Amino acid sequence: MKGKRLFIKQFTIILLSLVTLLNSVHSEEKKILETMEVVDVELPVRVFYKSKMVDNLKKEDFKIYENGVLQKINGFFIDRKKIKFKEDIAGDTESAPRYFILAFKITEYNDQLKEGIDHLFEKLFKKNDQLLIFINDKTFLINDLNNLADTRKVVLKMLRGESLKAKQKAALMLNTIESELSASKLNQVLNSNMAHPAGEFIKLLEKYLQIWDKYRTEYLTPKLDNFYYFARYLQKINIEKWVINFYQIELFPKIKTSGELIRTIKGIISGLQVSNRGEDLYYSRRLSQLLRKINISLNVSHDFPSDEITKLFYKVNTIFHSIFIPTTKAILSEDLEYKRVSSNIENTMRDLTGKTGGTIITSGNLSKSLNKLSEKDDILYTLTYSPTDNKNVGKIKVTTSNSSYDVMYDNNMRDKYIKRYFKKKEALLPAVKITDAGFKNGSLVVTISDYFLRLENGKKLAKLKIRIQISDRDQKSVFDQGKIIVAEKKKFTINLNLKNIIPGKYSIVVDVLDLLTNKSDMKYVKSEKTR
């Protein structure tokens, strides 16, 4: 019996020791896990004084707060970089690949633009670089620069074609203004037997404003969604990234303040203001309001959240450079002349370029101006800290020892707000997706889903604009077609039997635009056609 009790006692001691050991191991694992959860946050910061970058700051010059609580700065380093042209990296055969984005907002293809592109391909791009191109509302992805000469020809061809389309589209609106405010139209109103020619002038000015509002929306107003799409795309690119914007400064036919039309309208306003008739006073006030509205609308930018989009590109570590290209157009008539107008796109580019450490250039001599991109160093301070509470993401604030400095950073760096932005958008309206693209059994197969189906005449329909571009390994286009498709189901597949395309490896770009929601998707793949 004693032996049995002793055995039980010894077994109990062993069991308790084992439990204690397991608890200890569990506790250690918990500590390790908790330690692993607390990670350093990297915070990129740029510092400016009177719009110029501040260099040679030290760790002790900075303070980081999260939700008002001072944080300990664990790491500190300075990254200086600039766009390097081929001559700067001559002999460096193993220089890292870079990702360039060329964004064009143009309506005039000319010799200066061609010379600028020639300069980039001759002096800047290397064979292991990658290139994404935006031309107005089109996207072109070039993932292989092995044959720079042929790729340059393709880019110039795209620029010519897309700028011509934009010019023709804009001309439809601008021609309407020219015809509505022509001398013959003005004389027609003045020589009419109407009791109140003021009514006709009101119609003319209202028509002018309508065309301007449409033009501004179409050509001069950036879309916030596009910046978020762009930032989300750049998040996936883990190599050095540079954006170079080319923007032709916008001109619009303004009504001359010294022209016959304005003199006539002001004369009518003066004559009506001395009348006691209510109708006359209404016309007088309405004409005055329209003249003021036109002047403000063409010269004052509307609000656009440039601070919000600047933070986006701090998050994805991308620098913008902007080239503003002056344009000239002939005087139209005694009453109309092409003049510079306020543009939200231009203002946003200027703001984004300055705050991301880029260079702003205004010049028509692009080949000479582009060399300036390699003259300016971007000075980026990266501060690291371990947040007090890794689960509760807070607002970040960074200060420097000099209160006169402007400190630029993303105060929501830890927040996954890009992902949340798209979840919110998709909750309101579905975002069209290209779920599959590539060659299968000799045919090109593209599958599209998640678009918006709207009820029309008892049927749910979607309207999609689809463009498919296929290039061979030398970047020569072998297929480029677009089509508008009406879909009735939640998902559909395009199956193209492209017999004229020989077997080989190809680059495929598919663009889809949901015409009902204005949402889009783009997919780039490399795929091999086997038969």
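What is the volume of the second largest pocket? The second largest pocket has a volume of about 460 Å³, where a pocket is an open set of points on a 1 Å grid over the protein atoms alone, at which a 1.4 Å probe fits, with protein on both sides within 12 Å along at least five of seven lines; the volume is the space filled by probe spheres set on the points.

This is a predicted model, in which local features need pLDDT of at least 70 and side-chain atom pairs count only at pLDDT 80 or more, while totals for chains, interfaces and linings use all residues. Residues are numbered from 1 along each chain as its sequence is written, and side-chain values use heavy atoms, with hydrogens and water left out.

Select V154, M158, Q469, S477 and D480, which are the closest to the pocket's centre among the 24 residues that line it, lining residues being those with an atom within 4 Å of a point. Next, colour α3 (148-180), one of the elements that give two or more residues to this lining; α3 supplies the largest share, eight residues. Helices (H or I, at least four residues) and strands (E, at least two) are DSSP runs, numbered from the N terminus.

Then move to S51, in the loop between β1 (41-49) and β2 (52-53), where phi is near 70°, a positive value in a residue other than glycine. S51 counts as exposed because its relative accessibility is 67%, exposed meaning over 50% relative accessible area with a 1.4 Å probe, protein chains only.

Finally, select N67, in the loop between β3 (62-66) and β4 (69-71), which has a positive phi of about 55° although it is not a glycine.

Methods: Buried < 20%, exposed > 50% of the residue type's maximum accessible area, 1.4 Å probe, protein only.
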